[in-house]
Structures are given as C-alpha cells and as structure tokens.
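Here are my notes on the model, point by point. Please read them with the structure open.

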Amino acid sequence: EKSKELEHKSKMFSYGTTRGTGQEKMLELLDEKVEEVYRSCIGDNEANISTLQMLTNIENRLEELFEHIEMMPQEKVELAEKAKEKERRKNLREEKKEQQRLHNEERVRKALERAKGRP
C-alpha cells in the first residue's frame, strides 16, 4: 500500500504527464483519499457531500482541534507530542524491518531460481 501511495504521489508531481483519462483517474484517486481522511476525521459521508465540501469540513475540524490544543496545558501537549513521535519512529523502524525482510526473501527466491536454472 505504501508503494502504491508513493507511486501515486510521484505521478501527481510529474509535470505534464497526465492527460485525459489519466487526469480523471488521478481525480478519482484524490476523491477516494479525501473521503478516507473525511471518514477518519469526521465520520461517514452520510449526506454524500462533494469532495470540496469534505475538504472544507476537514479544515474546520482541524482548526477546532488546534484551538483545543492551544487551551491545553503546554506540558501535557509536549508529553503527547513526544509519545506520538516515539510511536511514529517505532512504526518507521518496523516498516523498514519488514521491507528489508521482503527484500531478503526476494533475493533468496531469485538465487534459488538461478540455481534451478543451472544444469
């Protein structure tokens, strides 16, 4: 999934490469991503609102949350930020470990294929 997302982002930033159906597909992907974020932040899109309206609602929710954070004790916010950062680094390490494991499996698989191919 991460590789698909990175591939999608690289396609988005490619200059002048998307025309016609490519743009439509990219817009569909963006709509899906916005809806995913909307469900995560706000809830289901029961009213079936437009992508632009979903983005507006997400922005408003973020502003509310930032205001709420500003009212919280600074020490509590810092502790929460440190905990989140620690969790993020842990997830990155685990993801890197998994990528390395997959890479090693692929190397072994290719080596076995080469070994089988030799008489």
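1. Asn-48 counts as exposed, because its relative accessibility is 66%. The cut-offs are under 20% relative accessible area for buried, over 50% for exposed and partly exposed in between, with a 1.4 Å probe and protein chains only. Asn-48 sits in the loop between α2 and α3. Its phi is positive, about 55 degrees, although Asn-48 is not a glycine. Most residues other than glycine have a negative phi. Please look at this loop residue.

2. A word on the source. This is a predicted model, in which local features need pLDDT of at least 70 and side-chain atom pairs count only at pLDDT 80 or more, while totals for chains, interfaces and linings use all residues. Residues are numbered from 1 along each chain as its sequence is written, and side-chain values use heavy atoms, with hydrogens and water left out.

3. Confidence next. pLDDT is the predictor's confidence in each residue, from 0 to 100. The mean for the protein is 87, and 83% of its residues reach 70 or more.

4. The secondary structure comes to 4 helices and 0 strands. The order from the N terminus is α-α-α-α. Helices (H or I, at least four residues) and strands (E, at least two) are DSSP runs, numbered from the N terminus.

5. How much of the protein is buried? Buried residues make up 7% of the 119 residues. The accessible surface comes to about 10900 Å², and 53% of it belongs to carbon and sulfur atoms. Accessible areas come from the Shrake-Rupley method with a 1.4 Å probe; for residues, only the protein chains shown count as cover. Of the contacts between residues at least 6 apart in sequence, 9% join residues at least 24 apart. Contact here means heavy atoms within 4.5 Å.

6. Val-34 is one to inspect. Val-34 lies in helix α2. It counts as buried because its relative accessibility is 13%. Which residues does Val-34 contact, leaving aside its neighbours within four places in sequence? They are Thr-51, Met-54, Leu-55 and Ile-58. Thr-51 is 17 residues from Val-34 in sequence, and their C-alpha atoms are 6.8 Å apart in space.

7. Now the surface of helix α3. Leu-62, Leu-65, Phe-66 and Ile-69 form a nonpolar patch, with about 350 Å² of accessible area together. Patches are made of residues with over 30% relative accessible area and no salt bridge; like charges are joined within 9 Å, and nonpolar side chains (Val, Leu, Ile, Met, Phe, Trp, Tyr) within 5 Å. Phe-66 belongs to helix α3 (residues 51–71). At 51% relative accessibility, Phe-66 counts as exposed. Leu-62 is also in helix α3, but at 41% it counts as partly exposed. The C-alpha atoms of Leu-62 and Cys-41 are separated by 8.7 Å, and the two residues are 21 apart along the chain.

8. Salt bridges number 10 in the structure. The criterion is a side-chain nitrogen of Lys or Arg within 4 Å of a carboxyl oxygen of Asp or Glu. Side chains of opposite charge can pair when their charged atoms come close. In helix α2 (residues 21–41), Glu-36 and Lys-33 are 3 residues apart, about one turn of the helix. Their side chains meet in a salt bridge at 3.6 Å, N to O. Glu-36 is partly exposed at 39%, and Lys-33 is partly exposed at 35%.

9. Helix α3 holds another pair. Arg-61 forms a salt bridge with Glu-64, with 3.4 Å between the closest N and O atoms. About one helical turn separates Arg-61 and Glu-64, because they are 3 residues apart in helix α3. Arg-61 is partly exposed at 32%, and Glu-64 is partly exposed at 47%.

10. Finish with helix α4 (residues 74–117), where Glu-98 and Arg-101 lie 3 residues apart, about one turn of the helix. Their salt bridge is 2.4 Å, N to O. Glu-98 is partly exposed at 33%, and Arg-101 is partly exposed at 38%. Elsewhere, salt bridges that share partners join Glu-85, Arg-88 and Arg-89 into one network.
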